[in-house]
Amino acid sequence: MGMSEAHGWGRYPRALQNTLLAPRGDKLHDLLATAPGSILPVGNGRSYGDSGLNAGGTVIDCRSLDRILAYDPSS
């Protein structure tokens with residue numbers, strides 16, 4: 001985890017935030033439990049505004065979470 005600068009699609013506004021690459025499987029749970037400050041899951045980063053920015057907080061890059069790990073049709 002490290003600090004990175006992020007911005008909206010128009011490159012404004014800008015925010016300094018912690019960025020986490022989301023691991024696969026149950027390791028995400030451990031990251032959520034130990035991440036400092038507020039946590040924001042972010043998708044592909046194509047927001048027109050600042051909805052994907054979390055100044056001073058933690059952003060979880062969810063682009064790698066693109067698979068269904070389990071499915072139980074009865075529940």
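**View 1. Strands S3 and S4 run parallel and are joined by 4 bridges.** Strand S3 covers residues 39-42, and strand S4 covers residues 58-61.

**View 2. The side chains of strand S4 point two ways.** Follow the strand along and you will find Thr58 and Ile60 pointing one way, with Val59 and Asp61 pointing the other. In a regular strand, side chains alternate between the two faces of the sheet. Are these four residues of S4 buried or exposed? All of them are buried, Asp61 included.

**View 3. Asn54 sits in the loop between S3 and S4.** Asn54 counts as buried because its relative accessibility is 12%, under the 20% cut-off. Its side chain makes a polar contact with the side chain of Ser38, at 3.0 Å. A polar atom of the Asn54 side chain also lies 3.1 Å from the backbone oxygen of Thr58.

**View 4. Asn54 and the residues it touches.** Leaving aside residues up to four places away in sequence, Asn54 touches Leu16, Gln17, Ser38, Ile39, Leu40 and Val59.

**View 5. Confidence along the chain.** The mean pLDDT of the chain is 75, with 76% of its residues at 70 or more. Which strand has the highest confidence? Strand S3 does, at a mean of 82, while strand S2 (residues 14-21) is lowest, at 71. A friendly reminder: where pLDDT is low, the predicted coordinates should not be read in detail.

Methods
Residues numbered from 1 in each chain as written. Predicted model: local features only at pLDDT ≥ 70, side-chain atom pairs only at ≥ 80, totals over all residues. Heavy atoms only, no water. pLDDT = per-residue confidence, 0-100. Helix = DSSP H or I, 4+ residues; strand = E, 2+ residues; numbered from the N terminus. Buried < 20%, exposed > 50% of the residue type's maximum accessible area, 1.4 Å probe, protein only. Pairing = 2+ DSSP bridges. Polar contact = N/O pair within 3.5 Å; in protein donor to acceptor, adjacent residues only side chain to side chain. Contact = heavy atoms within 4.5 Å.
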